[in-house]
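Here is a short report on one protein model.

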Amino acid sequence: MKILTDEEIALRIDTPMFRLLSQTADAMGFEAYIVGGYVRDMMLERPSKDIDVVVVGSPAFLSESHQGGPGIALAREFSARLGRGAHLSFFENFGTAQVKWHHTQRIVDANGEAHTVHCEEEVEFVGARRESYSRNSRKPIVEDGSLHDDQLRRDFTINAMGICLNGPRFGELVDPFDGVYDLEDRLIVTPLDPDITFSDDPLRMLRCIRFATQLNFHIEEETFEALGRNAERIKIISQERISTELNKIMAAPVPSIGFVELQRCGLLALILPEVARLDIVEERNGRKHKNNFYHTLEVLDNVARKSDNLWLRWGALLHDIGKPASKRWDVQMGWTFHNHNFLGKKMVKGIFHRLKLPLDERLHYVEKLVDLHMRPINIADDEVTDSAVRRLLFDAGDDIDDLMVLCEADITSKNAQKKKGFLENYRLVRQKLVDLEEKDRIRNFQPPVDGAEIMRIFQIPPSREVGMLKTALKDAILDGIVPNEHDAALEFIKEKAREMGLHDASAPASA
């Protein structure tokens, strides 16, 4: 990052949009400041479209023409000056307004060629305010306030910086809590006593860990200790809010950072106890099993390096949650976790339901990954047979590639030779998947003879016999006994039906 002077900041924001904001605020007698994430990201030299403007009223604000507060009043006038294409929205419950607009812009590329690009801009407006909280709610009592009051209510010093937009002070940084130095030191610190900050709005505890994860920052010592002291307060936060922050942690480049911090401060046991319970190692007769919590986080990071798919990352986080319930001691084998994939799959829906995560195909996708994640490992352990690979391809369907990413990420052995052997076997599995799919078209296949045709040929109603014939055909195709073709499949069905004593009504009558 670079600590910018006020003059350098002014150059960074010297755009038609910010100039129009400045002129509008000056004309109305308001002070206006860019605050929050946009300022933080500018200092970190990260792209950002998260533009929030805090507006401070002046005596002129008291006129009836400025109804709704200074933020809404400035938004209304700014939208009017933008003219056609600007869309103004009000959020009266929060005392905020939003202006969106589309425009075209001419840019010159590295080759000196000019292009017209279509841009969408968005600015959020709010009046400066002070807040106070009751013990049992994160919803504050809000009053008009000064810029300093507004900065005091911000969650972290790095989000409490403001840049003045008014003409004489255009580009001036207002940083009462030295947030710019915390950015330089890569620290997450609260502007107020962290116990007050987190107790007032417990969601800030998750935001604290989320920012540390996204930015790869450290949480300042006193701030971290306050997370532990206030962890129980997370119980007043809605599950939807919790899930939003968890998803942002999950989407970070190295999501394990967040889950380690959640576990260290005690929050994980309150919001995802199924994952927190993995953090244990038991020893018996000198034999220990690995710590499945840190193994899980290593798998999660491995997946994150390969894929931005949020739900694949959820699959990685939850793939071993069935291990505590399935753990057994065997005198010969030591610690075992038989059927942990099956038990884990059954737990996924409860977690998604509790966290208000989607209960649609995304849930089923994660359930499938958790259920099947041992299958490629078991295939790779043994001889890679066509039959086993066909069945894997049939059960995984279009999710086979993601399943293989998860399974390869699950190889966390520190034994280089063992790891190399697994990866080589997985390479063979992947090649078999390609070859068999091209040859047999197994992925998501529908048997070439369906139930309706079976009932017509044998003149039988829907029954157990129909299901038995369909299952026998599916198994024969997956085992490579019968090609995935209609005529061959029909002959197989007729032979099986004869064994079951069913009469082929389509056959010519004997003389």
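Start with Arg313. Leaving aside neighbours within four places in sequence, Arg313 touches Met250, Ala251, Ala252, Pro255, Leu300, Val303, Ala304, Ser307 and Asp308. Keep in mind that this is a predicted model.

Where does Arg313 lie? Arg313 is part of helix α15, which covers residues 310-318. Is Arg313 buried or exposed? Its relative accessibility is 3%. Buried means under 20%, so Arg313 counts as buried. The backbone oxygen of Ala252 lies 2.9 Å from a polar atom of the Arg313 side chain.

**Two helix pairs**

Now turn to helix packing. Two packed helices are described by the angle between their axes and the distance between the axes.

Take α9 (residues 221-230) and α11 (residues 256-265). Their axes are 8 Å apart, and the packing angle is about 60°. The two helices are therefore oblique to each other. Which residues make the contact? Helix α9 supplies Phe224, Leu227 and Gly228. Helix α11 supplies Glu261, Arg264 and Cys265. Sorted by class, this contact has three nonpolar, one polar and two charged residues.

The second pair is α23 (residues 451-458) and α25 (residues 486-499). Here the axes come within 12 Å and cross at roughly 50°. That angle makes α23 oblique to α25. The crossing of α23 and α25 is right-handed. On the α23 side, the residues are Glu453, Ile454, Ile457 and Phe458. They meet His486, Leu490, Ile493, Lys494 and Ala497 of α25. By class, the contact of α23 with α25 has six nonpolar, one polar and two charged residues.

Most residues other than glycine have a negative phi. Asp178 is not a glycine, yet its phi is positive. Arg186 also has a positive phi and is a residue other than glycine. The table gives the values.

| Residue | Phi | Relative accessibility |
|---|---|---|
| Asp178 | about 55° | 41% |
| Arg186 | near 60° | 37% |

Where do they sit? Asp178 lies in the loop between β9 (173-174) and α6 (179-185). Arg186 is in the loop between α6 and β10 (187-188). Asp178 counts as partly exposed because its relative accessibility is 41%. Arg186, at 37%, counts as partly exposed too.

Key: Residues numbered from 1 in each chain as written. Predicted model: local features only at pLDDT ≥ 70, side-chain atom pairs only at ≥ 80, totals over all residues. Heavy atoms only, no water. Axes fitted to C-alpha atoms, helices over the stretch in contact; angles between N-to-C directions. Helix = DSSP H or I, 4+ residues; strand = E, 2+ residues; numbered from the N terminus. Parallel < 35°, antiparallel > 145°, perpendicular 65-115°, else oblique. Contact = heavy atoms within 4.5 Å. Nonpolar A, V, L, I, M, F, W, Y, C, P; charged D, E, K, R; others polar. Buried < 20%, exposed > 50% of the residue type's maximum accessible area, 1.4 Å probe, protein only. Polar contact = N/O pair within 3.5 Å; in protein donor to acceptor, adjacent residues only side chain to side chain. Left-handed = near helix turned anticlockwise from the far one by under 90°.
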